[in-house]
Structures are given as structure tokens and as C-alpha cells.
Amino acid sequence: MKIDEKTINMILKMSDDRLWQTIQYAVGKSGSDILKNAKRPEDMSKIRSALSSLTNKDIDRVTEILKGEKHNGH
């Protein structure tokens, strides 16, 4: 999945449960197990706020980090 502004806007329209599943999936696909045992926060508004304030530069950086995690096996 390509992460861009359109994708972020689509993700923001998801229910809280679906948003959390999508975040876990994306992090898992990067090869990271950091959220493996994490429980979904009761209040997802901070996550939504962070996602809605991402700039294109931020999105590019997240993409690079996730690619790096995948290649490093973390």
C-alpha cells in the first residue's frame, strides 16, 4: 500500500477498530512486532489528530522508516 495524503484521508474515515487494525497491519508488514501485544487505546483521537496533521514530508519519512524496518528485520 502506498502511503500518501489520499490514503491518510481514507484511513481517517475508518471506525476506531478498523483504524487500529490497519495500524497494526501496516506496522506488522514492515517486519516490526512493536504492536504485537498492544491493546487498542480507548481514545483514538490522539492517533487521528497525529495522522490528520501529517505533512507530505512526514509521510515520506514514515514510509522510509517502515521500509527500513522491513529490510532490517525488526
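Colleague: Which hand does the crossing of α2 and α3 have?

Modeller: The crossing of α2 and α3 is left-handed. Keep in mind that this is a predicted model.

Colleague: Okay. At what angle do the α2 and α3 axes cross, and how far apart are they?

Modeller: They cross at roughly 65°. The axes come within 11 Å.

Colleague: Which residues make that contact?

Modeller: From α2, D16, L19, W20 and I23. From α3, I47, R48 and L51.

Colleague: And how does the contact of α2 with α3 split by class?

Modeller: Five residues are nonpolar and two are charged. There are no polar ones.

Colleague: Switching topic. What about α1 and α3, at what angle do they pack?

Modeller: At about 160°, with the axes 10 Å apart. Here α1 covers residues 5-12, and α3 covers residues 45-52.

Colleague: So are α1 and α3 roughly parallel or antiparallel?

Modeller: Roughly antiparallel, because the angle is over 145 degrees. The crossing of α1 and α3 is left-handed.

Colleague: Who touches whom there?

Modeller: I8, I11 and L12 of α1 meet R48, L51 and S52 of α3. By class, that contact has four nonpolar residues, one polar and one charged.

Colleague: Now the inside. Which residues make up the largest nonpolar core?

Modeller: I8, I11, M14, L19, W20, V27, L35, M44, L51 and I59. That is 10 residues in all.

Colleague: Which helices supply at least two residues each?

Modeller: α1 and α2, the latter being residues 16-29. The most comes from α2, with three residues.

Colleague: Why would such side chains gather like that?

Modeller: In soluble globular proteins, nonpolar side chains tend to be buried together.

Colleague: Let's pick on W20. Is W20 buried or exposed?

Modeller: W20 sits in helix α2. W20 counts as buried because its relative accessibility is 10%, and the cut-off is under 20%.

Colleague: What is W20 in contact with, beyond its neighbours within four places in sequence?

Modeller: L35, A38, K39, R40, P41, M44 and I47.

Colleague: How far is W20 from T63, C-alpha to C-alpha?

Modeller: The two C-alpha atoms are separated by 18 Å. Along the chain, W20 and T63 are 43 residues apart.

Colleague: Last one. What does L19 touch, leaving out residues up to four places away in sequence?

Modeller: L19 touches I11, M14, M44, I47, R48 and L51.

Terms used: Residues numbered from 1 in each chain as written. Predicted model: local features only at pLDDT ≥ 70, side-chain atom pairs only at ≥ 80, totals over all residues. Heavy atoms only, no water. Core = buried A, V, L, I, M, F, W, Y, C linked by side-chain atoms within 4.5 Å. Buried < 20%, exposed > 50% of the residue type's maximum accessible area, 1.4 Å probe, protein only. Helix = DSSP H or I, 4+ residues; strand = E, 2+ residues; numbered from the N terminus. Contact = heavy atoms within 4.5 Å. Axes fitted to C-alpha atoms, helices over the stretch in contact; angles between N-to-C directions. Parallel < 35°, antiparallel > 145°, perpendicular 65-115°, else oblique. Left-handed = near helix turned anticlockwise from the far one by under 90°. Nonpolar A, V, L, I, M, F, W, Y, C, P; charged D, E, K, R; others polar.
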